[in-house]
Amino acid sequence: MSMYNGKSLANKLFLKKDLFELEMEKTDDLTDHLSKFNGVITQLAGLDETFKEEDKAIMLLASLPNTNHYNNVITSLLVGKSTLTLDEIVVGLLEANK
C-alpha cells in the first residue's frame with residue numbers, strides 16, 4: 001500500500017514530484033527503473049491523473065542516465081518518428097539492453 005493514499009492534492013503533488021524527479025542511475029537495472037516508473041504512473045492514474053502516451057514516453061526517456069549507450073539508444077528510437085508511445089519505447093529499451 002502506498003504512503004500516498006487518497007485523492008488529495010498533496011498526494012498528487014508528492015507522486016508527480018516522484019515522477020518528475022525520477023532518474024535512473026548508471027548502475028541501476030533497467031527493469032527495476034521501468035517498474036518504478038510504471039508504479040508511479042499507475043498510482044497517479046488511480047488519482048485520476050493521466051498523461052498522453054507521448055508525454056509518458058518522453059518522461060521515461062528523460063529519466064535515463066546520460067551515457068553513450070542510452071544516448072545512442074534514444075537517438076535510434078527517435079529517428080524518423082513524429083510520435084511516440086510508451087510501449088514502443090519500453091520495447092526498444094529492453095531490446096537494446098539484452
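In this briefing a residue is called buried if its relative accessible area is under 20%, exposed if over 50%, and partly exposed in between, with a 1.4 Å probe and protein chains only. The structure is a predicted model, in which local features need pLDDT of at least 70 and side-chain atom pairs count only at pLDDT 80 or more, while totals for chains, interfaces and linings use all residues. Residues are numbered from 1 along each chain as its sequence is written, and side-chain values use heavy atoms, with hydrogens and water left out. Helices are DSSP runs of H or I with at least four residues, numbered from the N terminus.

**Helix H1**

- Asn11, Leu15 and Leu19 are the buried residues in H1, and they line one face of the helix, because they fall within an arc of 65° when seen down its axis; the arc is that of the directions from the helix axis to the C-beta atoms.
- The buried residues of H1 pack against helix H2 (30-46) and helix H3 (53-62), where contact means heavy atoms within 4.5 Å.
- On the face of H1 turned away from its buried side are the exposed residues Leu9, Leu13, Phe20 and Glu21.

**The aromatic pair**

- How many aromatic pairs does a search of the whole structure find? The search finds 1, counting rings of Phe, Tyr and Trp (its six-membered ring) whose centres lie within 6.5 Å, with planes under 30 degrees apart called stacked, over 60 edge-to-face and the rest tilted.
- Phe20 and Phe51 form this edge-to-face pair, at 6.4 Å centre to centre and with 80° between the planes.
- Because Phe20 lies in helix H1 and Phe51 in the loop between H2 and H3, the pair ties together parts that are 31 residues apart in sequence.
- Phe20 is exposed, at a relative accessible area of 51%, whereas Phe51 is partly exposed, at 21%.

**The nonpolar core**

- The largest nonpolar core has 25 residues, of which Phe37, Leu60, Leu64, Ile89 and Leu93 touch the most other members; such a core is a set of buried Ala, Val, Leu, Ile, Met, Phe, Trp, Tyr and Cys residues joined through side-chain atoms within 4.5 Å.
- At least two residues of this core come from each of H1, H2, H3, H4 and helix H5 (86-96), and H2 gives the most, with 6 residues.
- Apart from its neighbours within four places in sequence, Leu93 is in contact with Leu30, Leu60, Leu64, Tyr70, Val73 and Leu77.

**Helix H5**

- Leu86, Ile89, Val90, Gly92 and Leu93 are the buried residues of H5, and they are on the same side of the helix because they cover an arc of only 165° around its axis.
- These buried residues of H5 pack against H2, H3 and H4, while the face turned away from the buried side carries the exposed residues Asp87 and Val91.

**Two loop residues**

- Thr67 sits in the loop between H3 and helix H4 (68-78), and it counts as buried because its relative accessibility is 18%.
- A polar atom of the side chain of Thr67 lies 3.2 Å from the backbone nitrogen of Tyr70.
- Asp48 is found in the loop between H2 and H3 and is exposed, with a relative accessible area of 57%.
- The phi of Asp48 is near 65°, a positive value in a residue other than glycine.

Technical notes. A polar contact is a pair of N or O atoms within 3.5 Å; within protein, one must be able to donate a hydrogen and the other to accept it, and residues adjacent in sequence count only if both atoms are side-chain atoms.
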